[in-house]
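Me: I would like a close look at one part of this structure. Please keep it brisk.

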Amino acid sequence: MEASIFTQVLLPIAIALIMFGMGLSLTIQDFTRLAKAPKSIGVGLLGQIILMPLLALGICLILKLDTPIAVGLMILAACPGGTTSNVFSQVAKANLALSVSLTAISTFICVFSTPFIIQYAINNFAGEQAIEFSLLQTAIGLFVVTLVPVIIGIGIRHRFTNAALKAEVYFRRFSLLFLVAMILALVINEREMLVTSFDQVFFAALALNIISIAMGLLLSKIFNLSFIDGITLAIEVGIQNATLAILIAISFLNAPEFAVSAGVYGLAMYIGPTFLVLWVKSVRKKRETLTAAEN
């Protein structure tokens, strides 16, 4: 997948549209909520921004992943959460306000943190074969395709609330369909690599998903957060923006082999949260049964 109009123009535009749709789901209050719930948001950002890349690094080293898979997994871990985490939080009846706030704030922070993590991953795993990488260009690229569309979306949501809420649903559907299309394209383009290393990349992606969810739950216990906030953190920390990771690998780095980890993760990331939601519903059902028995 060499540099082309698709990888350099159409793909970034598609991601920008997805991020614009995310902006339509956000309000200014989602950012000011930091002052009202600093502990939960601070713990969530700790897991998302710092511990997730460290977890990915540990998985890369323990499993001795091949260079493309390792770099791809690090790129994925450096990305913020996406709207998928908000959907799972809604299904789990978690703290949706906290989920949206963490998604919004982590998206802004990752514009600055992600390029440094990518540079470390390339230098550490690729060694002498490291591809050319520019911190500044990557940061500017992320700013243009993520922050600018999100800010515009927030502005439109503030000015035209009802229309924004109706349109946001269609952008969310586009996001899912686009991710599926990108995964199919990667399967076709990188089929030889997938055939030889699918077990390795799938296990790594699944491990990142499952362990990060457990890490979110553990953080909530350590910092004595509520059950609902703990579930929210597990979902937010456990779900990464795979579409953005694919964009970075293909369009910014011109290295589609680095996108394979994100592509496989795009399928695996639903496994952990699905079991988490089922567990949450089971816990709530038992609590309701006990409450009914006591009454």
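With which side chain does the side chain of Asn 86 make a polar contact, and at what distance?

Reply: The partner is Ser 99. The side chain of Asn 86 makes a polar contact with the side chain of Ser 99 at 2.8 Å. Bear in mind that this is a predicted model.

Asn 86 has a further polar contact of this kind. Its side chain also pairs with the side chain of Thr 103, at 3.1 Å.

Now the setting. Asn 86 sits in helix α5, which covers residues 83-91. Its relative accessible area is 6%, so it counts as buried, the cut-off being under 20%. Set aside the neighbours within four places in sequence, and Asn 86 is in contact with Leu 96, Ser 99, Val 100, Thr 103 and Glu 236.

Next, helix α6. This helix spans residues 96-126. Helix α3 spans residues 38-63. The axes of α3 and α6 come within 10 Å and cross at roughly 30°. Angles under 35 degrees count as roughly parallel, so α3 and α6 are roughly parallel to each other. The crossing of α3 past α6 is right-handed. On the α3 side, the residues making the contact include Ser 40, Gly 44, Gln 48, Pro 53 and Cys 60. On the α6 side, they include Leu 98, Ser 101, Ile 105, Cys 110, Tyr 120 and Phe 125.

Then the loop between α3 and α4. Lys 64 is found there. Its phi is near 50°, a positive value in a residue other than glycine. Most residues other than glycine have a negative phi. Lys 64 is exposed, at 68% relative accessibility.

Asn 224 also has a positive phi, near 55°. It lies in the loop between α9 (191-222) and α10 (227-238). With a relative accessible area of 65%, Asn 224 is exposed.

Finally, charge pairing. A search of the whole structure finds one salt bridge. Glu 168 forms it with Arg 172, and the closest N and O atoms are 2.8 Å apart. Both residues lie in helix α8 (residues 161-189). They are four residues apart, about one turn of the helix. Glu 168 is buried, at 8% relative accessibility. Arg 172 is partly exposed, with a relative accessible area of 32%.

Back to your residue. Asn 86 is buried, and its side chain makes polar contacts with the side chains of Ser 99 and Thr 103.

Terms used. Residues are numbered from 1 along each chain as its sequence is written. This is a predicted model: local features need pLDDT of at least 70, side-chain atom pairs count only at pLDDT 80 or more; totals for chains, interfaces and linings use all residues. Side-chain values use heavy atoms; hydrogens and water are left out. Helices (H or I, at least four residues) and strands (E, at least two) are DSSP runs, numbered from the N terminus. Buried means under 20% relative accessible area, exposed over 50%, partly exposed in between (1.4 Å probe, protein chains only). A polar contact is a pair of N or O atoms within 3.5 Å; within protein, one must be able to donate a hydrogen and the other to accept it, and residues adjacent in sequence count only if both atoms are side-chain atoms. Contact means heavy atoms within 4.5 Å. A salt bridge is a side-chain nitrogen of Lys or Arg within 4 Å of a carboxyl oxygen of Asp or Glu. Axes are lines fitted to C-alpha atoms, for helices over the stretch in contact, and angles run from 0 to 180 degrees between N-to-C directions. Angles under 35 degrees count as roughly parallel, over 145 as roughly antiparallel, 65 to 115 as roughly perpendicular and the rest as oblique. A crossing is left-handed if the near helix is turned anticlockwise from the far one by less than a right angle, and right-handed if clockwise.
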